[in-house]
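Welcome! Please keep the picture open as you read.

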Amino acid sequence: MHPLFGSKKRAVLGLDISSAAVKLLELSQSSRRSGAQYRVEAYAVEPLPADAVVEKNIADVDAVGQAIRNVIRKSNTKAKSAAVAVSGSAVITKIITMPVSLSDQEMETQIQLEADQYIPYPLEEVNIDFEVLNISERNPEMMDVLLAASRSENVDDRVAALEIAGLSAEVVDIEAYAMENAFTQIADQLPGVGGDQIVAIADIGATTTTLNVLNNGKIIYTREQNFGGRQLTEEIQRRYGLSLKEAGMAKCQGGLPDNYVTEVLEPFKEAMAQQISRSLQFFFSSSQYNSVDSVVLAGGSSSIPGVDELMEEKMGTPTIVANPFANMSVSSHVKNQGLSSDAPSLMIACGLALRSFD
């Protein structure tokens with residue numbers, strides 16, 4: 001069984017398989033007492049063919065395996081094991097309470113016995129894992145345990161794609177927890193760092209925008225919606241008669257007509273701000289909160305110049321673009337410029353790579 005929260009013994013690559021690309025990140029831990037705690041040893045991004053991953057499910061295992069092989073070659077990493085993640089929508093999580101006196105073995109047996117009342121699929125079709133969170137506030141003889149279950153195919157397809165590229169799956173995590181893990185690297189960049197901060201991280205991917213809200217560094221709310229950078233690419237394609245590939249390159253490298261900024265880019269930025277604002281309204285209406293202290297923008301589209309200022313102006317909330325590497329040192333083999341432009345889209349890869357040091 002491949003657990004959802006794996007254990008680790010050696011350097012583990014963070015490998016984020018999104019709908020548009022495979023992103024690889026390798027970190028090492030500095031032994032020096034001062035200076036950066038982590039160092040970026042290797043990183044690379046490899047585009048995926050259209051429809052290889054659909055709505056965060058792998059539709060073409062061979063194509064994804066080939067992309068992983070390419071991204072390993074680009075990055076020059078020698079590591080042989082990786083951490084990958086399944087999306088929150090593919091996972092059922094439940095906090096259950098169990099006696100503190102149980103051993104891990106007894107807990108596993110108990111969870112297997114109880115799991116069918118929490119999971120709406122036949123147990124032979126799911127991967128189950130659990131993690132002890134803390135002692136129950138209501139009863140010190142009980143502990144809160146996080147139970148996580150995902151359809152086996154979601155896990156198996158990722159493991160199979162890694163194996164095609166000669167990697168083993170050390171950890172199969174959940175995207176939201178990888179994001180929570182990466183947040184530790186940006187928390188000190190936010191204004192008013194302190195105890196009970198409510199922080200919204202909006203991760204704008206190619207096809208999906210995920211809003212995670214954290215309280216005191218822990219995720220309390222997640223919502224996915226269909227909106228992403230591919231809409232900008234498709235609008236460029238339609239407006240200027242380009243192929244999807246040409247439009248994607250033009251979006252990144254420039255060279256579009258003068259009216260591009262006012263007629264295509266600015267409306268997309270407005271739409272992005274509106275989507276994030278709408279997701280936050282859903283959070284406010286389903287919780288006791290009616291504001292957040294900060295907004296963090298992640299994902300490829302957050303690199304568009306001025307998106308953070310526009311968001312801050314619309315929301316009246318301090319907004320930053322995520323850079324999980326701000327306090328890390330960088331190996332001389334890594335292209336610094338590429339790393340800093342890709343940084344916002346490497347949050348999940350970073351959270352996964354940090355699993356090396358659990």
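This is a predicted model: local features need pLDDT of at least 70, side-chain atom pairs count only at pLDDT 80 or more; totals for chains, interfaces and linings use all residues.

## Cysteines

A disulfide is a pair of cysteine sulfur atoms within 2.5 Å. Searching the whole structure by that rule gives 0 disulfides. Two of the cysteines are worth a visit. We call a residue buried when its relative accessible area is under 20%, exposed when it is over 50%, and partly exposed in between, using a 1.4 Å probe and protein chains only. Cysteine 252 counts as exposed because its relative accessibility is 66%. Cysteine 350, at 0%, is buried.

Residues are numbered from 1 along each chain as its sequence is written, and side-chain values use heavy atoms, leaving out hydrogens and water.

The score pLDDT is the predictor's confidence in each residue, from 0 to 100. Its mean over the protein chain is 89, with 95% of residues at 70 or more. Helices (H or I, at least four residues) and strands (E, at least two) are DSSP runs, numbered from the N terminus. Confidence is lowest in strand 8 (residues 126-135), with a mean of 82, and highest in helix 10 (residues 347-353), with 97. Over residues 5-9 the pLDDT is below 50.

Strands of a sheet pair through backbone hydrogen bonds, either parallel or antiparallel. Here, two strands pair if DSSP finds at least two bridges between them.

Strand 1 (residues 13-17) runs antiparallel to strand 2, joined by 4 bridges, and isoleucine 17 has valine 22 in strand 2 as its bridge partner. Strand 6 (residues 81-86) and strand 10 run parallel, with 6 bridges between them. Of the 7 residues in strand 10 (residues 168-174), 6 are buried.

Another open sheet has 3 strands in the order 7-9-8, with antiparallel pairing. Its edge strands are strand 7 (91-99) and strand 8, each pairing on one side only. The twist averages 25° from one strand to the next. Strand 7 and strand 9 (residues 142-151) share 9 bridges, and isoleucine 96 stands opposite valine 145 in strand 9. Helix 2 (residues 104-114) packs on the sheet and touches strand 7, strand 8 and strand 9.

## The nonpolar core

A nonpolar core is a set of buried Ala, Val, Leu, Ile, Met, Phe, Trp, Tyr and Cys residues joined through side-chain atoms within 4.5 Å. The largest one has 35 residues, and those touching the most other members are Leu25, Leu27, Val40, Val296, Phe325 and Cys350. Helix 10 gives the most to this core, with 6 residues.

What does cysteine 350 touch, not counting residues up to four places away in sequence? Counting contacts as heavy atoms within 4.5 Å, cysteine 350 touches Leu25, Leu27, Ala182, Gln185, Pro324, Phe325 and Met328.

Note on methods:
Axes are lines fitted to C-alpha atoms, for helices over the stretch in contact, and angles run from 0 to 180 degrees between N-to-C directions.
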